[in-house]
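Look at the model shown here and follow one side chain at a time.

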Amino acid sequence: MSGPQRNWALLTGAVLALFGGAWLFGALHHDSAMRGILYARSAVPAAQLEHCFAGRLPKDGGARVLVHDLGKARRVDLMTAGRRPMSGAEAAALKACLGGAV
């Protein structure tokens, strides 16, 4: 193989190896990634929602809540690892906090 052909072959091999590594990384971490399972809108102030969820959600790290302040309303996103269903405690926290509990 001449110089330019060898360079192209090495470059192609390196790019294929990078794509293969990225695919493998994604496949291995796909199930553990946090994925959104639902969202809701609320008129409850963002600080109150954040405080409520911090006190009521289980501390096992299996769920994560993001509160987006949209001005007149808030968007609340609930994410779980691998898109698993909500637990009873998570559902109770969601209901209480969206209802205005502190």
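The side chain of arginine 74 reaches the backbone oxygen of alanine 43 at 3.0 Å. With the side chain of aspartate 69, the arginine 74 side chain makes a polar contact, also given as 3.0 Å. A polar contact is a pair of N or O atoms within 3.5 Å; within protein, one must be able to donate a hydrogen and the other to accept it, and residues adjacent in sequence count only if both atoms are side-chain atoms. This is a predicted model, in which local features need pLDDT of at least 70 and side-chain atom pairs count only at pLDDT 80 or more, while totals for chains, interfaces and linings use all residues. Residues are numbered from 1 along each chain as its sequence is written, and side-chain values use heavy atoms, with hydrogens and water left out.

Arginine 74 has 6% relative accessibility, so this residue counts as buried (under 20% relative accessible area, with exposed over 50% and partly exposed in between, for a 1.4 Å probe and protein chains only). Leaving aside neighbours within four places in sequence, arginine 74 is in contact with several residues, including Ala40, Leu49 and Val67; contact means heavy atoms within 4.5 Å.

Arginine 74 lies in strand β3. Helices (H or I, at least four residues) and strands (E, at least two) are DSSP runs, numbered from the N terminus. Strand β3 covers residues 74-81, and eight bridges join this strand to β1, the two running antiparallel. Two strands pair if DSSP finds at least two bridges between them. Within this pairing, alanine 40 stands opposite valine 76 in β3.

The whole open sheet has three strands in the order β1-β3-β2, with antiparallel pairing. Its edge strands, each pairing on one side only, are β1 (34-42) and β2 (63-69). Neighbouring strands are turned by 20° against each other on average, direction ignored. Helix α2 (residues 46-56) packs on the sheet and touches β1, β2 and β3; its direction makes about 170° with that of β2. Axes are lines fitted to C-alpha atoms, for helices over the stretch in contact, and angles run from 0 to 180 degrees between N-to-C directions.

What does helix α2 share with helix α3? Cysteine 52 lies in helix α2 and cysteine 97 in helix α3 (residues 88-98), so the pair ties together parts that are 45 residues apart in sequence. These two cysteines form a disulfide with sulfur atoms 2.1 Å apart (the cut-off is within 2.5 Å), and the structure holds one disulfide. The torsion about the S-S bond is about -85°, so the disulfide is left-handed. Cysteine 52 counts as buried because its relative accessibility is 1%, and cysteine 97 counts as buried because its value is 1%.
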